[in-house]
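The following note sets out points on domain layout, the ligand shell and helix packing. Please read it alongside the sequence and structure shown here.

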Amino acid sequence: MTHPQAIIPNLRDRLAPTQWKLLSQAAQEAQSRGWNLYLVGGAIRDLLLADASQKLLLKDIDLVVDGFHRSADTGAGVTLAQSLQKLYPNVRLDVHGAFQTAALLWHNDPVLDSLWVDIATARTEFYPYPAANPEVEASSIRQDLYRRDFTINALAVRLTTSRSGELPLLDFFGGLLDLRSRQIRVLHANSFIEDPTRIYRAVRFAVRLGFEIEPQTEAYIRYAMESGVYERSLSQNDKAPALQTRLKAELKHILQAPYWNRALQLLASLGALRCIHPTLDLNETLWWQVRLVDRWLRRFDPTRRLEHWQMRLEVLLAYLAPEERAAVAENLQLPLDSIERLQQLAPAQAQVLKSLPNTKRPSEVVWLLRQYKLPTLVLMAIQAPRSIRRMLWKYLTTWADIQAPLNGNDLKKLGYKPGPQYREMLDKLLAATLDGMIQDEAEAKAFLAKHYPSPSKL
Ligand code: CTP
């Protein structure tokens, strides 16, 4: 059903002129071949949600081209992308042949900045079995929209003009009504069985937009999770990596967003953390830990050199049994350093729990802890008893940054012959500084004179 009255007013004025120009060119190219071109998905949703006077700068644009094409190898979408590439020689074109989709990518372009345009060929995506990758069959725009996740993402505007010159909104599944009543609703009962990562998307959109997951949709989520959909999907080995890639992408989206904590709670309340691991549950302790890690990162990584979303995920994984942690991280395709960190966490924790309480001097604390990088220290801290956590805090806030008043160059200037003993001398100096025996350069020199009396003999 189209809503002639629901034409997006002033679509042209609401987009950046450069983006509008690109859409017009794409529409002309399509029209000249007798095809229809549609703007679909998030762009329409966001345009309808925003104030009508508000301009939108789209970061990604989803287009669907609907038209008969002579060649079975290149769908209409690919052909259209190729013709746009001729108009924009700086663009990168990626073709995903099997799905007849093309992506045009601009990177820091002087005109279009960083923009991603996906062009799909209208098709029915049917899933031969749950969580399989979609297989492709040319079909109409309605079927293309039907394979999408939620009604609010299944709206389209036809860019190839009708006789009246209007750009009609296509709303086959009640998306407009759901936008107005702020509901996340799937298009059919099997949606989450076909793609369980949509559960994460439902949560993401609900929290981000302040929408409600419509009760029937919520029941589908619970049913999918209780029926073990994710484990079943993963057991199809050939599909598992693609599914895990999508899950990781959704986790990243959620955990790096400002609303990550509400989303995580909602995921947990829907039982959806089971997708990460069947035993994972956001109980009070884990909830406290993920919030605590934020405080530590704010304090010790204010310039965000670490990936904070990934640290939040690592906290969740660190809560699993030690022998599970690294395997789950690997399945989620986390970077090697993260997998290794989780692998090494248990022995590191054991070592620190055993040795730290016995340290008497700051230098002993530093000697014990300086082998660990910040992410490991943070993961250890949030799981440690309070007394240990305090020492880790003290180490990071105070002792880790203390330096001896003299360095290697100074030793050289003092006449000590460079060699392996420098390490020992500098360590001794640092220990004496940490333990308060040396305050300044003069005291450091006196310390050296006492312990290493004849520089030239070294
Ligand atoms: N989609 C889907 N199922 C998925 C992922 C995506 O049906 N597992 C569909 C959705 O209809 C979505 C479109 O593919 O609108 C494009 O996906 P994406 O770019 O991730 O979504 P946007 O709606 O553009 O979201 P965002 O605003 O967060 O970019």
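**Notes on helix packing and the ligand shell**

1. The crossing of α8 and α11 is left-handed (left-handed if the near helix is turned anticlockwise from the far one by less than a right angle, right-handed if clockwise). The model is a predicted one, in which local features need pLDDT of at least 70 and side-chain atom pairs count only at pLDDT 80 or more, while totals for chains, interfaces and linings use all residues. Residue numbers start from 1 along each chain as its sequence is written. Helices (H or I, at least four residues) and strands (E, at least two) are DSSP runs numbered from the N terminus.

2. The axes of α8 and α11 come within 9 Å and cross at roughly 20 degrees. Axes here are lines fitted to C-alpha atoms, for helices over the stretch in contact, and angles run from 0 to 180 degrees between N-to-C directions. The two helices, α8 and α11, are therefore roughly parallel (angles under 35 degrees; over 145 is roughly antiparallel, 65 to 115 roughly perpendicular and the rest oblique).

3. On the α8 side, Y200, R201 and R204 meet E250, L251, H253 and I254 of α11 (contact requires C-beta atoms, placed from the backbone, within 7 Å). By class, this contact of α8 with α11 has three nonpolar, one polar and three charged residues. Ala, Val, Leu, Ile, Met, Phe, Trp, Tyr, Cys and Pro count as nonpolar, Asp, Glu, Lys and Arg as charged, and the others, Gly among them, as polar.

4. Helix α11 (residues 240-255) also packs against helix α14 (residues 308-318), at an angle of about 110 degrees and with the axes 9 Å apart. The helices α11 and α14 are therefore roughly perpendicular to each other, and their crossing is right-handed. L251, K252 and L255 of α11 meet W309, R312 and L313 of α14. This contact of α11 with α14 has four nonpolar, no polar and two charged residues.

5. A further partner of α14 is helix α18 (residues 374-383), packed at about 50 degrees with the axes 11 Å apart. The pair α14 and α18 is therefore oblique, and α14 passes α18 in a right-handed crossing. M311, E314, V315 and A318 in α14 meet P375, V378, L379, I382 and Q383 in α18. The contact of α14 with α18 divides into seven nonpolar residues, one polar and one charged.

6. Which residues are around the ligand? They are G41, G42, D60, D62, R148, D149, N153, D195, T197, R198 and R201 (C-beta atom, placed from the backbone, within 6 Å of the molecule). Two or more residues of this shell come from each of β3 (60-66) and α8 (198-209). The shell around the ligand has no nonpolar, four polar and seven charged residues.

7. The domain assignment gives domain 1 (2-176), domain 2 (182-275), domain 3 (281-359 + 367-395) and domain 4 (408-457), with bounds from an automatic or database assignment. In domain 1, 13 residues are in contact with 21 residues of domain 2. The side of domain 1 that touches domain 2 has nine nonpolar, two polar and two charged residues. Because domain 1 and domain 2 both give residues to the shell around the ligand, the ligand lies between them.

Key
Two residues are in contact if their C-beta atoms, placed from the backbone, lie within 7 Å.
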